Amino acid sequence: MPELPEVETVRRGLAPAMEGARFAKVEVHRGDLRWPLPKDFAKRLEGNTVTGLGRRAKYLLADLSSGDVLLMHLGMSGSFHVFYEKGHHAGGGAAGNYYHERSQHVTHDHVVFHMSSGAIVTFNDPRRFGSMKIVAREKLDAEPLLNRLGPEPLGNEFDAAMLARACKGKKTSLKAALSDQRVVAGLGNIYVCEALYRARLSPKRQASTIATRSGAPNDRAERLVEGIKAVLHDAIKAGGSSLRDHKRTDGELGMFQHNFRVYDREGQKCRTPGCGGTVKRIVQNGRSTFFCPSCQK
DNA sequence: ACTACTCCCTGCCAGC
DNA sequence: TGCTGGCAGGGAGTAG
């Protein structure tokens, strides 16, 4: 589920529960996520205050008062849920409320944070492609999970010149290039398809064709950057996309799936006014691509 | 250095 | 109904 807009939505949901709060107790029900959690995982968190909750690409980063940073990635099926004290709603104890509401989530609640704010934060991940890692703040620059990531697509520094430079000489398709987190960090299968549609570019087009031979951006690069930024902004505004899960931390659904123009719309009419084309599904690098062959060239 | 492919894991759904 | 194969929003690792 989680690409940049979903992770940003999760960050905004978790921030009020975690920022300024202390880890009162951390439960690890299953430590064998993408990588095994270290034995002292809970101990390194407990007693520490979260001084800030940030995001880099699809990673969440919780800054801790200890000087450590907790990195969290949702993988394919990860989600966080926040349970507040019953007092916030109708009266009663936090634990009772949690264990009551939790009955539908307990199966894959691998990690549970009990915060001093009274909030209980669960990490649920059926496929266990998600991960958590604690890194010392001063070693963050050397962190291999982060230091190969490309630019943040919503940052000011991400522009056509930067994208063209990254795609210069690339033999692979635009679809594969944009999915590569080293080129631009945070896009996944859905938003790559949607951005290419907005830029009217075929996912099959060779990536290098958005740059001149010298690596300067052309009009296609400009359109692509615009398409990427626009779709991400729109998706964040809608609270992300919900396909088979809830992804907001309050259990509410994101709404952006209703605004997909090509993703998961195989056989349906292209939404470009006057185009008249039909959305097609192909497989690229082992993953589905949706696009309109009539208006995406 | 590139690129493409495999694999990790569980759940769900269409088709038989 | 129940089984089976295919597919799913990610990305690390490996073999060319």
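In the hairpin of β2 and β3, two residues lie between the strands, and Ala-57 takes a positive phi near 55 degrees. This is a predicted model, in which local features need pLDDT of at least 70, side-chain atom pairs count only at pLDDT 80 or more, and totals for chains, interfaces and linings use all residues. Residues are numbered from 1 along each chain as its sequence is written, while chains are lettered from A and ligands numbered from 1 in the order in which they are written.

Stay with the strands. Helices (H or I, at least four residues) and strands (E, at least two) are DSSP runs, numbered from the N terminus. Two strands pair if DSSP finds at least two bridges between them. β2 covers residues 50–56 and pairs with β3 in the antiparallel sense over six bridges. Across this pairing, Leu-53 stands opposite Ala-62 of β3.

β3 (residues 59–64) also pairs with β4 (residues 68–73), antiparallel, over five bridges. Leu-61 faces Leu-71 in β4. Asp-63 has Val-69 as its bridge partner there.

From β4, move on to β8 (residues 131–136). Six bridges join these strands, which run antiparallel. Met-72 stands opposite Met-132 in β8.

The loop between β8 and α4 holds Glu-143. Burial is counted from C-beta atoms placed from the backbone: a residue is buried if 20 or more others lie within 10 Å of its own, exposed if 12 or fewer, and partly exposed in between. Glu-143 is partly exposed because it has 18 other C-beta atoms within 10 Å. Its C-alpha atom is separated by 27 Å from that of Ala-24, 119 residues apart along the chain.

Next comes helix α4, residues 160–167. Its buried residues are Ala-160, Leu-163, Ala-164, Ala-166 and Cys-167. Seen down the axis of α4, they fall within an arc of 160 degrees, so they line one face of the helix. The arc is that of the directions from the helix axis to the C-beta atoms. The cover over these buried residues includes α5 (174–179) and α7 (219–237). Contact here means that two C-beta atoms, placed from the backbone, lie within 7 Å. Just after α4, Gly-169 takes a positive phi of about 75 degrees.

Now turn to the DNA. A residue is near a strand if its C-beta atom, placed from the backbone, lies within 6 Å of it. DNA strand B is surrounded by residues including Arg-127, Arg-128, Phe-129, Lys-170, Lys-171 and Arg-244. Thr-107, Asn-285 and Gly-286 are also among them. The surface near DNA strand B divides into three nonpolar, four polar and five charged residues. Ala, Val, Leu, Ile, Met, Phe, Trp, Tyr, Cys and Pro count as nonpolar, Asp, Glu, Lys and Arg as charged, and the others, Gly among them, as polar.

Finally, the whole chain. Chain A has seven helices and ten strands. Its radius of gyration, taken over C-alpha atoms, is 21 Å, close to the 19 Å that the globule rule gives for 297 residues, so chain A is as compact as a globular protein of that length. That rule is 2.2 Å times the number of residues to the power 0.38. Buried residues make up 40% of the 297 residues in chain A.
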